[in-house]
Amino acid sequence: MSSALEQVEEFAAQGGHHLIATVNPEFVMRARKDAEFARVLESADLCLPDGVGIVWAVRREGCAVREPVTGTDMVPQIAAMCERRDFGLFLLGAAPGVAHELAADLRSSHPKLRVG
(Lines give C-alpha, C1' and ligand atoms only; values in the text may rest on other atoms or scores of the structure.)
Protein backbone atom coordinates (compact mmCIF):
# COMPACT_ATOMS: atom_id res chain seq x y z
CA MET A 1 0.00 0.00 0.00
CA SER A 2 2.73 2.47 0.91
CA SER A 3 4.61 2.03 -2.38
CA ALA A 4 1.33 2.31 -4.34
CA LEU A 5 0.51 5.57 -2.57
CA GLU A 6 4.03 6.88 -3.25
CA GLN A 7 3.51 6.12 -6.94
CA VAL A 8 0.13 7.90 -6.95
CA GLU A 9 1.74 10.92 -5.32
CA GLU A 10 4.49 10.87 -7.96
CA PHE A 11 1.86 10.74 -10.71
CA ALA A 12 0.14 13.74 -9.11
CA ALA A 13 3.43 15.65 -9.02
CA GLN A 14 4.04 14.86 -12.71
CA GLY A 15 0.64 16.16 -13.71
CA GLY A 16 -1.32 14.90 -16.67
CA HIS A 17 -3.48 11.82 -16.81
CA HIS A 18 -2.52 8.45 -15.37
CA LEU A 19 -4.52 5.25 -15.47
CA ILE A 20 -4.46 3.11 -12.34
CA ALA A 21 -6.21 -0.26 -12.43
CA THR A 22 -7.09 -2.32 -9.39
CA VAL A 23 -6.94 -5.78 -10.95
CA ASN A 24 -9.04 -8.56 -9.48
CA PRO A 25 -9.58 -12.14 -10.73
CA GLU A 26 -12.70 -11.10 -12.65
CA PHE A 27 -10.62 -8.55 -14.58
CA VAL A 28 -8.08 -11.21 -15.50
CA MET A 29 -10.79 -13.56 -16.76
CA ARG A 30 -12.48 -10.79 -18.75
CA ALA A 31 -9.17 -9.71 -20.28
CA ARG A 32 -8.64 -13.26 -21.54
CA LYS A 33 -11.84 -12.97 -23.62
CA ASP A 34 -11.99 -9.23 -24.33
CA ALA A 35 -9.00 -7.87 -26.26
CA GLU A 36 -9.99 -4.23 -25.75
CA PHE A 37 -10.30 -4.70 -22.00
CA ALA A 38 -6.90 -6.43 -22.00
CA ARG A 39 -5.43 -3.51 -23.96
CA VAL A 40 -6.74 -1.03 -21.39
CA LEU A 41 -5.21 -3.00 -18.51
CA GLU A 42 -1.91 -3.34 -20.36
CA SER A 43 -1.84 0.41 -21.02
CA ALA A 44 -2.34 1.29 -17.34
CA ASP A 45 0.42 3.27 -15.69
CA LEU A 46 -0.05 1.21 -12.54
CA CYS A 47 -1.85 -2.08 -11.93
CA LEU A 48 -2.58 -2.94 -8.32
CA PRO A 49 -3.34 -6.44 -7.01
CA ASP A 50 -6.93 -6.21 -5.77
CA GLY A 51 -7.25 -9.45 -3.84
CA VAL A 52 -5.23 -12.35 -2.48
CA GLY A 53 -5.79 -14.42 -5.63
CA ILE A 54 -4.00 -11.83 -7.72
CA VAL A 55 -1.21 -11.55 -5.14
CA TRP A 56 -0.77 -15.32 -5.26
CA ALA A 57 -0.73 -15.35 -9.08
CA VAL A 58 1.82 -12.57 -9.49
CA ARG A 59 4.05 -14.06 -6.81
CA ARG A 60 3.95 -17.33 -8.74
CA GLU A 61 5.19 -15.39 -11.77
CA GLY A 62 8.11 -14.04 -9.75
CA CYS A 63 6.86 -10.58 -8.78
CA ALA A 64 7.67 -9.35 -5.28
CA VAL A 65 4.20 -8.34 -4.09
CA ARG A 66 3.55 -8.35 -0.35
CA GLU A 67 -0.16 -7.69 -0.04
CA PRO A 68 -3.37 -6.85 -1.88
CA VAL A 69 -3.95 -3.17 -2.57
CA THR A 70 -7.65 -2.57 -3.04
CA GLY A 71 -9.11 0.55 -4.56
CA THR A 72 -11.52 0.96 -1.65
CA ASP A 73 -8.61 0.95 0.80
CA MET A 74 -6.73 3.53 -1.27
CA VAL A 75 -9.54 6.07 -1.70
CA PRO A 76 -9.39 7.54 1.84
CA GLN A 77 -5.60 7.74 1.65
CA ILE A 78 -5.71 9.40 -1.77
CA ALA A 79 -8.30 11.83 -0.39
CA ALA A 80 -5.93 12.70 2.47
CA MET A 81 -3.12 13.31 -0.03
CA CYS A 82 -5.38 15.50 -2.18
CA GLU A 83 -6.44 17.53 0.85
CA ARG A 84 -2.82 17.93 2.00
CA ARG A 85 -1.63 19.03 -1.47
CA ASP A 86 -4.79 21.04 -2.29
CA PHE A 87 -5.65 18.84 -5.25
CA GLY A 88 -9.19 18.28 -6.41
CA LEU A 89 -10.55 14.72 -6.46
CA PHE A 90 -13.06 13.57 -9.07
CA LEU A 91 -15.18 10.49 -8.44
CA LEU A 92 -16.68 8.58 -11.34
CA GLY A 93 -18.64 5.39 -11.57
CA ALA A 94 -20.94 3.17 -9.57
CA ALA A 95 -24.70 3.41 -9.41
CA PRO A 96 -26.45 6.81 -9.34
CA GLY A 97 -25.82 8.59 -6.05
CA VAL A 98 -22.91 6.40 -4.90
CA ALA A 99 -20.17 8.88 -5.91
CA HIS A 100 -22.15 11.72 -4.29
CA GLU A 101 -22.47 9.73 -1.05
CA LEU A 102 -18.76 8.86 -1.06
CA ALA A 103 -17.89 12.52 -1.67
CA ALA A 104 -19.93 13.50 1.40
CA ASP A 105 -18.22 10.81 3.50
CA LEU A 106 -14.78 11.94 2.34
CA ARG A 107 -15.58 15.58 3.09
CA SER A 108 -16.56 14.65 6.64
CA SER A 109 -13.10 13.13 7.20
CA HIS A 110 -11.23 15.69 5.07
CA PRO A 111 -13.04 19.06 5.41
CA LYS A 112 -10.69 20.95 3.08
CA LEU A 113 -10.95 18.33 0.32
CA ARG A 114 -12.23 19.58 -3.01
CA VAL A 115 -14.21 16.67 -4.37
CA GLY A 116 -16.72 16.44 -7.18
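Here are some questions and answers about the predicted model shown above.

The model is predicted, so local features need pLDDT of at least 70 and side-chain atom pairs count only at pLDDT 80 or more, while totals for chains, interfaces and linings use all residues. Residues are numbered from 1 along each chain as its sequence is written, and side-chain values use heavy atoms, with hydrogens and water left out.

Q: What share of the residues of the protein count as buried?
A: Buried means under 20% relative accessible area, exposed over 50%, and partly exposed in between, with a 1.4 Å probe and protein chains only. Of the 116 residues, the buried share is 29%.

Q: Which kind of aromatic pair do Phe 27 and Phe 37 form?
A: The structure holds 1 aromatic pair. Rings of Phe, Tyr and Trp (its six-membered ring) pair if their centres lie within 6.5 Å; planes under 30 degrees apart count as stacked, over 60 as edge-to-face and the rest as tilted. The centres of Phe 27 and Phe 37 are 5.2 Å apart and their planes stand at 85°, so this pair is edge-to-face.

Q: How many residues apart in sequence are the parts that this pair ties together?
A: Phe 27 belongs to helix H2 (residues 25-33), and Phe 37 to helix H3 (residues 35-43). The pair therefore ties together parts whose separation in sequence is 10 residues.

Q: Which residue has its charged end over the ring of Phe 37?
A: A charge sits over a ring if NZ of Lys or CZ of Arg is within 6 Å of the ring centre and within 35 degrees of the ring normal. Here the charged end is 4.5 Å from the centre of the Phe 37 ring, and it belongs to Arg 30.

Q: Which residues does His 18 touch, not counting residues up to four places away in sequence?
A: His 18 lies in the loop between helix H1 (2-14) and strand E1 (20-23), and at 27% relative accessibility it counts as partly exposed. Contact means heavy atoms within 4.5 Å. With residues up to four places away left out, His 18 touches Phe 11 and Asp 45.

Conventions
Helices (H or I, at least four residues) and strands (E, at least two) are DSSP runs, numbered from the N terminus.
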